Amino acid sequence: MRLAKLRAETNRDPLIAIIVSVIFCSVLMVYPLSYAVSGARPLFMLLLMLFWVMCQPTWCGIWFAFATGIFTDLLLDAPLGMNALSFVLITFIVRFLTRERRILTFGNLWVISFLVVLAHLFLTWVLQIMGGLQFSITRHWQPLLTSLLVFPVMYFMLKKWRI
Amino acid sequence: MQTQLFSRQPPSFRSFIIAVITCLVVLFFNWRMPHVIQPARDVLYAAYNPIYALASYPVLSREWLNQQTKSEAQLRRENTAMQAELLQAQVRLQKLSELSAENTRLRGLLDTPLIIDGRMEIAEVIGTDADPLRHIIVINRGSSSQLKVGQTVLDDKGIMGQIINVNSHSSRIMLLSDKEHSLSVRLEHTGMRAIVSGTGDLGHLKMEYVPTSANVKVGEKVYSSGLGAHFPAGYLVGTVSKVNRHNSGEFAQIEVIPAAQLAGGHHVVVLFSDSLAMEQPHATR
């Protein structure tokens, strides 16, 4: 029963879904919010990238991570290559560590997403310090919690297209 | 199907290494030679315009809905209030035109070219920068309205900031409170020159390089001086709110509260007259 359902679902072509979801997430990334709230904006693009890389490994790999990273850098006016570097490193490490697993459950993905957001924030923090950018530390870590809450929503919206 | 299920192979090292090296090269270029990256950024900003437009759509449509759902009584009330306001403004304007004419006459005597009323463009704030560490807002006018980088942006209370990027239908404005922003000012009473810089806090600016011995009082108004030919002279920047004099330091620590509504303004005015910027501050000692 489950297998039959699985087969029916995985025949979909995820290309359109990937493109639409990237556009939708980029809108969410720049949606105007007040200064106080915008510090806690979830890292939509990172979560989306992670979802596709984990759930559609045949379609999305290192270069998908690289492309979304550069796209995010340009969108946010961040130092070019900062998000890209972080995305590529994260993708490689996550794919490398989960290479033995056949199927990832939602719980696994959620834990991975938490660790990934943590790693991404840490990496951008280090890169920003190296780049001489100053900012408040408490604001920097706010997306951790909101991203943790947003990932399940994103997962269930895109679940149809996962393997 | 089967190939997909068992396709979770370890990722290829080669593409990973290439991607990381590309990232580092791009980062290096961005760090050392930003002018190489800048044209690409500008082109892509234009390409992102639909995304920014889409993102600002809910904000704009809320405005529109507010307009549509106003009741007639409310509109009438507003109309009456506005007519009264208009009348007052017109009376003031008469006086102003009188003063302006007088000023022109006097300036003619002094032989200094000056235009008092420059053209201005009213724009709407449609967004803030996604980077929470920068104080940058986005307005809905761009190069299609002849806006240029460096123009001054005001609201009804005072100077807000300046334009730093212009796209076809939007521009980005750096606010006074951005950490990287500074402008040259003069004090109301003494006419002393100083520099006001942003602190990263919307409600505070700091005044720098004012000697400890300087005569600065709390509550004094701070105007733009026009030095540096970037901001026009004579517009209100803020009010001195705190003066800290330490005997150890050479300079006093002075806080200024910005006059413009940096946190909450909705409409802004982009100034076109830059002839005022050529004017020297009229310091009366």
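View 1. Strand β4 (residues 159-166) of chain B pairs with β5(B) in the antiparallel sense, over five bridges. Strands here are DSSP runs of E with at least two residues, helices are runs of H or I with at least four, and both are numbered from the N terminus; two strands pair if DSSP finds at least two bridges between them. Four residues sit between β4(B) and β5(B), and the two form a hairpin. Look for B:Q162, whose bridge partner in β5(B) is B:M174. This is a predicted model, where local features need pLDDT of at least 70 and side-chain atom pairs count only at pLDDT 80 or more, while totals for chains, interfaces and linings use all residues. Residues are numbered from 1 along each chain as its sequence is written, and chains are lettered from A, and ligands numbered from 1, in the order in which they are written.

**View 2. The other neighbour of β5(B), and its two faces.** β2(B) and β5(B) run antiparallel and are joined by four bridges; B:I139 has B:S171 as its bridge partner in β5(B). Is β5(B) buried or exposed? Five of the five residues of β5 (residues 171-175) of chain B are buried, so the strand is largely enclosed by the rest of the structure. (Buried means 20 or more other C-beta atoms within 10 Å of a residue's own, exposed means 12 or fewer, and partly exposed is in between; C-beta atoms are placed from the backbone.) On one side you'll find B:S171, B:I173 and B:L175, and on the other B:R172 and B:M174, all buried. In a regular strand, side chains alternate between the two faces of the sheet.

**View 3. The largest nonpolar core.** This core has 90 residues, and those touching the most other members are A:L46, A:L48, A:M49, A:V88, B:M160, B:I173 and B:V196. Helix α4 (residues 44-55) of chain A gives the most to this core, with 11 residues. Domain 1 (13-68) and domain 2 (113-285) of chain B both give residues too, so the core lies between them; the domain bounds come from an automatic or database domain assignment. A nonpolar core is a set of buried Ala, Val, Leu, Ile, Met, Phe, Trp, Tyr and Cys residues joined through C-beta atoms within 7 Å.

**View 4. Zooming in on B:M160.** Leaving aside residues up to four places away in sequence, B:M160 touches several residues, including B:I173, B:L175, B:A260, B:L262 and B:V268. Touching, or contact, means that the C-beta atoms, placed from the backbone, lie within 7 Å.

**View 5. A kinked helix in chain B.** Helix α3 (residues 34-68) of chain B has a kink of about 45 degrees at B:Y48, shortly before the proline B:P50. The bend is the angle between axes fitted to the seven residues ending at a residue and the seven starting there. B:Y52, B:A55 and B:S56 are buried in α3(B). The buried residues of α3(B) pack against α2 of chain A, along with β1 (120-128) and β2 (136-139) of chain B.

**View 6. Where the chains meet.** The contact takes 40 residues from chain A and 38 residues from chain B. Among the elements giving two or more residues to chain A's side are α2 (15-30) and α6 (82-97). The largest share of that side, seven residues, comes from α6(A).

Notes:
Two residues are in contact if their C-beta atoms, placed from the backbone, lie within 7 Å.
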